[in-house]
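Student: I would like to learn how to read a structure like this one. Please show it to me, and we can go through some features in turn.

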Amino acid sequence: VELQHIMAALDDDGLGLFRSRVLNHVRLIPHGHVMTYGQLAQVCGREGRARQVGHIMRTIPDADLVGAHMTATAMKKKKEEVKIKQEEKTKRKGMRKGIPWHRVINAQGGISTYKVGSGDLQRRLLEEEGVLFNAAGRCDLETYS
């Protein structure tokens, strides 16, 4: 209920357009690259609104998320198929059916979704795209942004 209230307030403030911009920019993040919540806010015209980007990301319907319904077993079985599909998607100038939510990370280059239960999946999806993490669980933003 609280999240619905937040989204209603965002729309009332004219930020429905901001939400659309955020989701459109997330779709354009190339395979093997990442953006931070703050970078997304900035390119969408709302510098300093990283938390709002996080709220928007949490409201994406599961059906629109890349990899959201894939279990570890399914990922192993279809790994080659997934790679082929990802290459095809990349060739289509970054336009994807699903929203590659896993490519959005925090300002330190780390994954913030562990607290909502999808951190392991996010890291696995990024690693499959070639994003490397150090011992502290951070990727080099200069390399992957």
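Student: At what angle do helix α2 and helix α4 pack, and how far apart are their axes?

Tutor: A pair of packed helices is described by two values, the angle between the axes and the distance between them. This is a predicted model. In it, helix α2 (residues 16-27) and helix α4 (residues 50-58) pack at about 75°, and their axes are 10 Å apart. Angles of 65 to 115 degrees count as roughly perpendicular, so α2 and α4 are roughly perpendicular to each other.

Student: Which residues meet where α2 contacts α4?

Tutor: From α2 come Phe-18, Arg-19, Val-22, Leu-23 and Val-26; from α4 come Gln-52, Val-53, Ile-56 and Met-57. Sorted by class, this contact has seven nonpolar residues, one polar and one charged.

Student: How many helices and strands does the protein chain have?

Tutor: The chain has eight helices and two strands. Along the sequence their order is α-α-β-α-α-α-α-β-α-α.

Student: Is Thr-36 buried or exposed?

Tutor: Buried means under 20% relative accessible area. Thr-36 has 6% relative accessibility, so Thr-36 counts as buried. Thr-36 lies in strand β1 (residues 35-36). In the chain as a whole, 39% of the 145 residues count as buried.

Student: Which residues does Thr-36 contact, apart from neighbours within four places in sequence?

Tutor: Those contacts are Val-104, Ile-105, Asn-106, Ala-107 and Leu-141. Take Leu-141: Thr-36 and Leu-141 are 105 residues apart along the chain, yet their C-alpha atoms are separated by 8.6 Å.

How values were computed
Residues are numbered from 1 along each chain as its sequence is written. This is a predicted model: local features need pLDDT of at least 70, side-chain atom pairs count only at pLDDT 80 or more; totals for chains, interfaces and linings use all residues. Side-chain values use heavy atoms; hydrogens and water are left out. Axes are lines fitted to C-alpha atoms, for helices over the stretch in contact, and angles run from 0 to 180 degrees between N-to-C directions. Helices (H or I, at least four residues) and strands (E, at least two) are DSSP runs, numbered from the N terminus. Angles under 35 degrees count as roughly parallel, over 145 as roughly antiparallel, 65 to 115 as roughly perpendicular and the rest as oblique. Contact means heavy atoms within 4.5 Å. Ala, Val, Leu, Ile, Met, Phe, Trp, Tyr, Cys and Pro count as nonpolar, Asp, Glu, Lys and Arg as charged, and the others, Gly among them, as polar. Buried means under 20% relative accessible area, exposed over 50%, partly exposed in between (1.4 Å probe, protein chains only).
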